[in-house]
Amino acid sequence: MIVVMSRSATEENLKNVEKRIESFGLKCHLSVGEQRTIVGVIGDKKKIGELEMGAMEGVEKTVRITEKYKLVSREFKPENTVVDVRGVKIGGEELAVIAGPCSVESREQLRETAEAVKNAGAQFLRGGAFKPRTSPYDFQGLAEEGLKLLREIGDEYDLRVVTEIVDVNDVELVSKYADVLQIGARNMQNFRLLQAVGKGNKPVLLKRGLAATISEWLNAAEYIMSEGNDDVIFCERGIRTYETFTRNTLDLSAVVAIKEQSHLPIIVDPSHGTGRWQMVQPMARAAIAAGADGLIVEVHPHPEVALSDGDQSLKPKHFKAMMEDVKKIASAMGRK
Ligand code: PEP
Ligand code: MN
């Protein structure tokens, strides 16, 4: 349930509403908008059913939400959420571009990539230090050594750092080095991990599961928000279909669906979404035209020797060309 406060509601009205909700053993989650404040009621469904708030002073209306996700929903917060990553915004007028190698391999590899993506206009450096590989015999990542390199090179080029977390016990470790924690497709429904990053204080990039519906994905974000972390960014990275020409089928309609259902920002990953570097630039253009708030793209100085995902990694010159294209689409869309 959400409680919509009237425009004229006072601080005291709001306090009374919160008190009443808490007296039922339920939790409040405030969304303070420009026009009005909305209180999300979370907890036991049965208790919420017993809660009557409509007659309280300062309450305009209560809305029973039939969908299981509330805090992520547009009903709860009509305005777009802008996630602030140490001064760099995701979900605002300016597009957010995250770029870098699939895996951190060495200082030289990361530095060469960082320099190229920074010059081309990216604001974020990506790179995996813990790699959830399909085969246990494939490169598993440099672990903490990789995190240290990301922080070092990120700072050197004034790029915010995005990296994947795969273990509930690593929240503190990864948060020490990264600016944004990425939840990978394979972990989208790892509910303990979602709760752990929800209790943390870093923005979370939530990738769509390999076969997740929009509703399951929204619920995954609800797991994070319900623990108190409001800074969630969705990432469409393709879903598994019968098609094998591409690695995944990039579902750009998800951008529209998420924008309709949620106030949270959404970016697109055309690298994993297609698995082929030649398709990255056209799909990046399409993603921005569909209304995405940004992109995450794999870039490697020498894709032919990459330890993971070389086939879908752009060379720096191709990333630069992609950025030039994307800028044109952005301006046509009224964005920067
Ligand atoms: C990645 O970003 O390198 C990655 C493993 O992505 P996904 O979880 O979308 O497969
Ligand atoms: Mn990858």
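In what order do the 4 strands of the open sheet run? The order is β2-β3-β1-β4, with antiparallel pairing. This is a predicted model, where local features need pLDDT of at least 70, side-chain atom pairs count only at pLDDT 80 or more, and totals for chains, interfaces and linings use all residues. Residues are numbered from 1 along each chain as its sequence is written, and side-chain values use heavy atoms, leaving out hydrogens and water.

**The sheet**

- Strands here are DSSP E runs of at least two residues, and helices are H or I runs of at least four, numbered from the N terminus; two strands pair if DSSP finds at least two bridges between them.
- At the edges sit β2 (27-32) and β4 (59-63), each pairing on one side only.
- From one strand to the next, the twist averages 20 degrees.
- Helix α1 (residues 11-23) packs on the sheet and touches β1, β2, β3 and β4, where contact means heavy atoms within 4.5 Å.
- The direction of α1 makes about 150 degrees with that of β2; angles run from 0 to 180 degrees between N-to-C directions, with axes fitted to C-alpha atoms, for helices over the stretch in contact.
- Strands β1 (residues 2-5) and β3 (residues 37-42) run antiparallel and are joined by 3 bridges; Val-4 has Ile-38 of β3 as its bridge partner.

**The α10/α11 pair**

- The axes of α10 (residues 277-289) and α11 (residues 316-332) come within 9 Å and cross at roughly 20 degrees.
- That makes α10 roughly parallel to α11 (angles under 35 degrees count as such).
- Residues making the contact include Trp-277 and Ile-288 of α10, and Met-322 and Ile-329 of α11.

Methods. Chains lettered and ligands numbered in written order. Parallel < 35°, antiparallel > 145°, perpendicular 65-115°, else oblique.
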